[in-house]
Amino acid sequence: MSLEDDCSTFLVRHAWLSLRGVVADALVQHDLSVAQFASLMMLEASPGLSVADVARKVSSARQSANEMLGGLERAGLVERRPHPNDRRAQQIYLTDAGRERLAAARPTVRQVEERLSAGFSADDLTVVRTWLARMAAASSPMS
């Protein structure tokens, strides 16, 4: 029995690292890292996230997320605004330039995913996405 047969966690990690590398190479043309792309997507879906929220969602330390967001801010892709109820916190929002960069990068990532998933049926991909979403939900701290 191979390690992949015995431990789906290892197989998911291996797939993620492989996919992340391919996506990272593709995102170079948009001057974005995988974490930056993910952060822009999250901020589009949930404007006003805190640095701690972004850190949790990209699975990084708060300091690392703060540095990454600082780079996005210097590039004019996000802006920080004071939190209305917490003087110590800031909320992060996409700028128009951030929305434009995300819109330009999305098709690139989609093309990579389509290329890598060629040969899988729509049903196969639905099962994989459902399984991944359920595993993520089941392992989240709020479960």
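I started at T95 and listed its contacts, leaving aside neighbours within four places in sequence: T95 touches G76, L77, V78 and E79. I note here that the model is predicted. T95 sits in the loop between β2 and α6. T95 has a relative accessible area of 16%, so it counts as buried, the cut-off being under 20%.

G76 follows α5 and has a positive phi, near 80°.

Next I took α5 itself, residues 62-74. The 13 residues should span 18 Å at 1.5 Å a residue, and the end C-alpha atoms are 18 Å apart, so the two agree. Which residues of α5 are buried? I found A65, M68, L69, G70 and L72. These buried residues pack against α3, α4 (51-57), β1 (78-82) and β2.

I moved to the loop between α4 and α5, where V58 lies. I looked up what V58 meets beyond four places in sequence, and the list is A35, A38, S39 and M42.

Then I turned to α6, residues 96-116. The helix has 21 residues and reaches 31 Å from its first C-alpha to its last, close to the 30 Å expected at 1.5 Å a residue. I looked for a bend and found a kink of about 25° at A105, shortly before the proline P107. A105 is also on the buried list of α6, together with G98, L102, T108, V109 and V112. I recorded the partners of the buried α6 residues as α2 (8-27), α3 and β2 (90-94).

The last item was the pair α3 and α6. At what angle do their axes cross? I noted roughly 120°, with the axes of α3 (residues 34-45) and α6 coming within 10 Å. The crossing is left-handed. I listed the residues that make the contact: F37, L40, M41 and E44 from α3, and G98, L102, A105, R106 and V109 from α6. By class I have 6 nonpolar, 1 polar and 2 charged residues in this contact. A105, where I had placed the kink, is among the α6 residues that touch α3.

Note on methods
Residues numbered from 1 in each chain as written. Predicted model: local features only at pLDDT ≥ 70, side-chain atom pairs only at ≥ 80, totals over all residues. Heavy atoms only, no water. Axes fitted to C-alpha atoms, helices over the stretch in contact; angles between N-to-C directions. Helix = DSSP H or I, 4+ residues; strand = E, 2+ residues; numbered from the N terminus. Left-handed = near helix turned anticlockwise from the far one by under 90°. Contact = heavy atoms within 4.5 Å. Nonpolar A, V, L, I, M, F, W, Y, C, P; charged D, E, K, R; others polar. Expected span 1.5 Å × (residues − 1). Bend = angle between axes of the 7 residues up to and from the residue. Buried < 20%, exposed > 50% of the residue type's maximum accessible area, 1.4 Å probe, protein only.
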